[in-house]
Amino acid sequence: MKKSQVHKLKTFFYFAYGSNLWTFRIHMNNPTAEFVSIGRLDNHRLDFIGYSKFWGGPTATPVPTANAHIWGVIWRLHIDNIASLDDQEGVDKNIYYVKHAEIITPYIGKLMCRIYEHTVIPLPRGDNDEIPIEFWPSWTYKEVILLGAEEHNLPEYYIENLKNIKHNGEQGCFYMACLLKQYAKAKPCECKPTIKILRKPLKLDLKQLRTK
């Protein structure tokens, strides 16, 4: 997007660093969201905390940390979408709260963006500290974040760091949405099976059945 096209009346910028990196995910609740740019939130690290039944594990949050950063996507939404975005993030349930932060972009300078931070902040952690399993995201949540990161070509080193995040193996409810997306739009497979499944012929012994 060109710099001259970035700002529009009655819109706001939203910085996504978790599941809303993926276009399909954010469009589930906010179909009018427009991609603006990738961006970097400095002096924060990505962590996971809490538990979501929907995802099957903890969800992402930025944690203030010196000399760390988080890459993500900047979306532009109409101000009418603030309520739906807040609802998705569980603001009314006191799961996340809203704040604004300066996001650095590669080509269009800095943008002030709406971001969501978990109301419970994980404890400080060193690079070599063991991460307890309760802070491991679900397999599905991690995969959705990776889909968004790869879709928008986030830096390769950052994608590799995402791949190295341990997950708890859970699929969560969102796995069903992924299946619906796949099988609702994909054409049926017309390939012929290459292996025949051998089955024993069914034999009915009528005489034996009558004597029972």
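**Helix packing and pockets**

Mentor: Gladly; keep in mind that the model is predicted. Start with helix α3 (residues 139–151) and α4, whose axes cross at roughly 170° and come within 10 Å.

Trainee: Why are α3 and α4 called roughly antiparallel?

Mentor: Angles over 145 degrees count as roughly antiparallel. The axes of α3 and α4 cross at roughly 170°, and therefore the two are roughly antiparallel to each other.

Trainee: What makes α3 and α4 meet in the sense of a contact, and which residues are involved?

Mentor: Contact means heavy atoms within 4.5 Å. From α3 come Lys142, Ile145, Leu146, Ala149 and Glu150, and they meet Ile159, Leu162 and Lys163 of α4. By class, that contact has five nonpolar, three charged and no polar residues.

Trainee: How do you know which residues line the second largest pocket?

Mentor: Lining residues have an atom within 4 Å of a point of the pocket. For the second largest pocket, 27 residues line it, and Trp55, Thr59, Gln88, Glu89 and Tyr96 lie nearest its centre. β1 (11–16), β2, β3, α2 (82–89) and β5 (110–118) each give two or more residues to this lining. The volume of the second largest pocket is about 540 Å³.

Definitions and conventions
Residues numbered from 1 in each chain as written. Predicted model: local features only at pLDDT ≥ 70, side-chain atom pairs only at ≥ 80, totals over all residues. Heavy atoms only, no water. 1 Å grid on protein atoms, 1.4 Å probe; cavity = no way out; pocket = protein on both sides within 12 Å on 5 of 7 lines; lining within 4 Å. Points joined across faces, edges and corners; volume = space filled by probe spheres on them. Helix = DSSP H or I, 4+ residues; strand = E, 2+ residues; numbered from the N terminus. Axes fitted to C-alpha atoms, helices over the stretch in contact; angles between N-to-C directions. Parallel < 35°, antiparallel > 145°, perpendicular 65-115°, else oblique. Nonpolar A, V, L, I, M, F, W, Y, C, P; charged D, E, K, R; others polar.
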